[in-house]
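Student: Could you show me how to read salt bridges in a protein model?
Tutor: Gladly, let us look together.

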Amino acid sequence: MAFKEEEFPILLLQAAVTLINTCTNELREKIPIKLPESLLVYLKQLWAQVHKQMLLNTAHKFSRGRHFYLSNIRTNNLAETIFRLSINNDFATASSINEVHGSIFSLGKISFEHFMLNHWEVSPVLLGRQKDDIFSCFMQKFLLGSKKEPVPSFLSAVLQNFTTCPPISWDELDVLNFLKEASGDFGFPVIDRQDIRVLKTQQHLSKEMHFFEEHSHYLSRFLYMDDILRCEEAFKEGYTIAVRGMELRFKSIASIADGLACLFGQPSAGVNMYLTPPNSQGLARHFDDHCVLVCQLSGVKQWTVFPRSSLLLPRLYASDSGCDLGNCENLITDDDKRKHFLLKEGDVLYIPRGFPHEACTIVENDGDVPNGDGGFSLHLTLAVEVAPPFEWEGFAHVALDHWDQNQKSSNCDSLSLDLHAFSVNVMHIAIKLIGDVEPAFRKACLVGATSLPSSGWLDMNQQTIFTHLLGIINKKCQFFDAINNIEATIIHKHEDPFFELSWLNNLEGERSFNLSSLVSTLAKHRDEAEAAFMEVKSNFCSEVLCKFKDVQHSYNMLIDKYKKVRKQYVNGMLSLHGV
């Protein structure tokens, strides 16, 4: 069969997309460097045209479900190819940790050391004004006009450049596995309630209203050009435009997020944007499962922060995290308990996870606010998300695993080895139970924080905290509490008691959470098992502290694994926003 001449380019493109999307990381890395670079340039140019036409919803057609097609190539497959070719390209140069630190803490009355020792995960505080505008590159793209204009002139132009960013799970350590699960969601316009929220809160009802839900029968939908233009209509009606994942859409924001993550010893940090019209409130009162730094870029905004109801910090994505509006409405509303903060351009406000808060652009003119209500407000929230491995409970598990990996067992008999392995596993469950009730174990571990020139105090502080936690472990880890939990989880819940600790398998070395062996050991040697547990607990608590630096090394290697995958994810998403 003869092909028409113009069919050859599309056939070659189709072949390239298919090959790249099916090859492994090892095979992809063997492709000569110049080839993917030149191909990526062409594909991104093509993607810019495809994305524009997709927004117009004219040049493409729906076929076989919800997918768009460019000739015979599904546009989500084209997006995946660009993502794959970009994952190891550093599109965003990490901001110096000193730059992020200096911008937020240098001009305020509160030093970084004072903040960490007195406010971090403890209480909200206004940090003051930024020394250097680390957001200047980002703000230049917006070309802000008058704050009094009905709709900011940049709104539609910015939203048109966005594509959907399927979220990556906190425990994902294989970017190709993420692609396998999310490939069908690549390459679409932004999705309402996932990438963007257009909402307002009626103060007399304290109820969130979502614009597209109020004006559509769809609960989750793509936003095409007509919808983006309707965002301007929504803004005029008092709706806030909230965009998730700004670090996935702007290189300069990705650099800031990376520097922030290093400063607080986490694999990554997230950034959301909130554009609120005058005399309005976007989100209803709520609390977050992560700490936030609110950076006011334009206009003014009034924040109210309420006391948290529990000393236990909410855990990332846990079922008991977040706050439904009903519970938040029942919080203490005494003026002596709540805190008020008026944020002006350049101000940075810290709100720890678990503290309910709300914000609005309804500002009384007290003579200190320029232009009365200040017009619309634009702010970014920098989110420091602490996944379970990077809480202090997680570090305790890493420490126990490291201690266990370095135990000499050449002279032990088979039963002793079985009892030791059994006891270590039961210890992991006992530590997990402590983490469910002890506030100190839920706090972020900063052992992996990138050191500043003057941060010797932080290293000493972290070792002091770990010493304190070992004392709690030695005192409160109870054999029968752990055994009862294991039995209840297996027998009554029909669940794996070690499921939430599966991330430990990402550490170096071998370990076994063998349920059948654990149950067998407990049934046959219950008395010996209790004695072995007490010996393991005592030896671990007395010996591991002197190995703190070695544990720190293992912990940092774990952070690096998570950081690598999230860097690949960010690089891939940024490549789809260079349109």
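Predicted model: local features only at pLDDT ≥ 70, side-chain atom pairs only at ≥ 80, totals over all residues.

Tutor: Residues are numbered from 1 along each chain as its sequence is written, and side-chain values use heavy atoms, leaving out hydrogens and water.

Student: How many salt bridges does a search of the whole structure find?

Tutor: Side chains of opposite charge can pair when their charged atoms come close. A salt bridge here is a side-chain nitrogen of Lys or Arg within 4 Å of a carboxyl oxygen of Asp or Glu. The search finds 16 of them.

Student: Which side chain meets Glu 393 in a salt bridge?

Tutor: That of Arg 315, at 2.5 Å from N to O. Glu 393 lies in helix H14 (residues 392-405) and Arg 315 in the loop between strand S9 (301-305) and helix H13 (325-329), so the pair ties together parts 78 residues apart in sequence. Helices (H or I, at least four residues) and strands (E, at least two) are DSSP runs, numbered from the N terminus.

Student: Is Glu 393 buried or exposed?

Tutor: Buried means under 20% relative accessible area, exposed over 50%, and partly exposed in between (1.4 Å probe, protein chains only). Glu 393 has 7% relative accessibility, so Glu 393 counts as buried. Arg 315, at 13%, counts as buried too.
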